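Here are my notes on the model, as numbered points. Please read them with the coordinates open.

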Amino acid sequence: ITNLRKTTLRNQEQDWLKSNLAKFTQMLQGQKDLNMITRRILSELAEVVKAHYGAFYLLQQDEENQNIRLKLFAAYAYKSEKNIPKEFALGEGLVGQVAFEKSRIFITNVPDDYIKIHSGLGRTKPSNLIILPVLFENNVKAVLELASLDSFSQTHLDFLGQLMESIGIMLNTIETSTRTEELLAQSQSLAGELKIQQEELRRTNEELQDKALLLVKQKNEVEAKNKEVEEARRSLEEKAEQLTLTSKYKSEFLANMSHELRTPLNSLLILAQQLYENAEGNLTSKQVRYAKTIYSCGDDLIQLINDILDLSKIESGFISANISSVRFGEIASFVETTFKPISEAKHLRFNIEIDNSLPDLLETDPQRLNQILKNLLSNSFKFTEKGEVKLKISQANKTWKSGTPSLDNASRVVAFAITDTGIGIPQEKQNIIFEAFQQAEGSTSRKYGGTGLGLSISRGLAELLGGTIELDSTLGKGSTFTLYLPVESAASSGMQTETVKTIISYEQASQQQVSESSEIDNLINSIRVTNEGLEAKGLVNEMINETGDDRNSIQPNDKIVLIVEDDMRFGKIITEKAHSEGLKAVIAISYIEVFDFINRFSPVAITLDVKLPDTSGWRVLDLLRNDLNYRHIPIHVISGEENRVLAMKRGARSFHLKPLDNDALNELFEDIVAFQKKQVKQLLVVEDNELD
């Protein structure tokens, strides 16, 4: 009887299940109104499975951002509340999770704070909650949520599971029909537009036929004009090439001419200074005043020549960067020593700030960096009448406007910010002040003096060092020029760059000494043979006497200075200075004479001009420093270009920049005299290997 009762009950449940499925299947057939059918499904289900709350969420695509979301489309016994959302993303909430996993969620113990079922008399929580996915071919179409005050039976759950498939088919059918109707309407609309366009096309074709004849005529005219344009283009290219070549020749000419102009000015300035100092006291005050005027004018001319020389080198790409390590304290010390007297003379405050977070060393060219800072600070002091000038050295916290590729990492960039309270620069003139001969107030007037080349030179040198310069200025309130440089060397690839290495080791020098000594010996032998031939012809004395040095009056105990210089006027000035110090002088004007005179006269010191007519003075310096026979002789480099770091690293005892004034010349010979008076020290070497 028990088995029969169970079998009967099971058969009744199956009959109920099949009859209701058939009922819903018949109800869903042929439906096209999605809004109506979803509300009817919820109403019918509420009656069949004893549900007291229902919500139908349809999967839709957001037109604005194209996101797919489940939106509440129809409801049964639904009451809107602020904390209950009406749409869900996939995986969001239980509704979104059902859609994401494509499987139902059945809850039999609903929490107290969950949804409430409302009636006119009150509200209460449901006993059971079921959320089901509506699928078609394993694709989610919708999600159905039902809640009941009673319990859903297993038969109810089986019924709902099978019904979802029928609802999925219905939703897909309605979606397909809707899309088909839309496409049909669109097709009909396009057909009408096509008919209109065909008519317009016919009229257009008639117009085109009329214009075709006109185009043939215009084509012939265009071809004729194209020939004229091509001829003009070739002419412009030729002129551009000529302009480029002219610019190159101009830069090279300025560089060479600037150097040549420095040579006579060097002697003029020294002689003018000696005149106005009037050491012998035989000049009148008027003559002294004239001599001072000559010296002042010559010094102004030298500064202009220096600026033109730097600018021409930057333009022609011949300037070089000698990269080495420098401490920020050394930079600050140079700036303070140079500009502290100027600030005191103009009654301006001058402050230097260094950020403690900076690294210990900066890889750059100290000479070029100092030149940039000197130009920028000189510019600030020139245009500031009251207030202050400040230099702040800190780590850059941004990349700059030009976006230099090698400096994208701002944490490895140092900023040198020079701020003043001067006249400021108008916004419309800030783009042109870096051009040559432009004053810092943005004009070409000489109101404030100077050449106007400093900013142009500074910009070129900054690019050489791999950096840039930015300007922030307000008219009447002052300016801030900021130099950005990489912590590690990033010299411009468009320029010639020479990284100065440390002096070669003793082992390397020993290996090179054999070949270089042989070269020097061959030169000396060649000189001797040449001199013997000239002496036989009576020409040697005549050549020697033209220099006016002491080579013919050398006594065994004389102290001799070898002057390597091709400017005879400057050579004679140094010779006279040597005589005043009790020394004798011999002038060498060529590469060959240098080594011949060293062996003949054994000089106590050498002054070396790096620009010789037949070779570079740097090569002479390297040969002397790498040969044990000549390494003991102190070499004082004299150059028209600032290369102090390079000279000292290659073994020079001192470096002097032309033009030399009397003080520099006195300092040079004081060092020569003091050095040659040093006592020779004897060194005992204890070594079991004689070759060492």
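Which residues make a nonpolar surface patch of about 310 Å²?

1. The patch. Ile68, Leu90 and Phe100 make this nonpolar surface patch. The model is a predicted one, and the area is computed from it. Ile68 sits in strand 2, residues 68-76. Its relative accessibility is 43%, so Ile68 counts as partly exposed.

2. The whole chain. The chain has 692 residues, and 40% of them are buried. It contains 15 helices and 20 strands. Take the contacts with a separation of 6 or more: residues 24 or more positions apart account for 67% of them. The accessible surface comes to about 39700 Å². Carbon and sulfur atoms contribute 50% of that surface.

3. Helix 1, length. Helix 1 covers residues 2-28. Does its span agree with what it should be, or disagree? At 1.5 Å a residue, its 27 residues should span 39 Å. The end C-alpha atoms are 39 Å apart, so the two agree. Just after the helix, Gly30 has a positive phi of about 75°.

4. Helix 1, buried residues. Leu17, Asn20, Leu21, Phe24, Met27 and Leu28 are buried in helix 1. Phe24 also belongs to a cluster: ring pairs link it with Trp16 and Phe159.

5. Leu28. Is Leu28 buried or exposed? Its relative accessibility is 7%, which is under the 20% limit, so Leu28 counts as buried. Leaving aside residues up to four places away in sequence, Leu28 touches Ile37, Ile41, Ser166, Ile167 and Met170.

6. Aromatic pairs. The structure holds nine. In one of them, the ring centres of Tyr57 and Phe88 are 5.6 Å apart and the planes meet at 75°, so the pair is edge-to-face. Tyr57 lies in strand 1 (residues 53-61) and Phe88 in strand 3 (residues 87-89), so the pair ties together parts 31 residues apart in sequence. Both Tyr57 and Phe88 are buried.

7. A search of the whole structure finds 22 salt bridges. One of them joins the side chains of Arg69 and Glu87, at 2.7 Å from N to O. Arg69 is in strand 2 and Glu87 in strand 3, so this pair ties together parts 18 residues apart in sequence. Glu87 has 33% relative accessibility and therefore counts as partly exposed.

8. Helix 4 runs over residues 154-277. Arg202 bridges to Glu199, with the closest N and O atoms 2.6 Å apart. Both lie in this helix, three residues apart, about one turn. Arg202 is partly exposed at 40%, and Glu199 is partly exposed at 34%. A second bridge joins Arg233 and Glu230, at 2.3 Å from N to O. These two are also in helix 4 and three residues apart. Arg233 is partly exposed, at 37%. Glu230 is partly exposed, at 29%.

9. A network. Which residues do salt bridges with shared partners join into one network? They are Glu199, Arg202, Arg203 and Glu206.

Conventions. Residues numbered from 1 in each chain as written. Predicted model: local features only at pLDDT ≥ 70, side-chain atom pairs only at ≥ 80, totals over all residues. Heavy atoms only, no water. Helix = DSSP H or I, 4+ residues; strand = E, 2+ residues; numbered from the N terminus. Buried < 20%, exposed > 50% of the residue type's maximum accessible area, 1.4 Å probe, protein only. Contact = heavy atoms within 4.5 Å. Phe/Tyr/Trp six-rings, centres within 6.5 Å; stacked < 30°, edge-to-face > 60°. Expected span 1.5 Å × (residues − 1). Patch = residues over 30% accessible without salt bridge, like charges linked within 9 Å, V, L, I, M, F, W, Y side chains within 5 Å. Areas by Shrake-Rupley, 256 points an atom, 1.4 Å probe, with all protein chains shown as cover. Salt bridge = Lys/Arg side-chain N within 4 Å of Asp/Glu carboxyl O.
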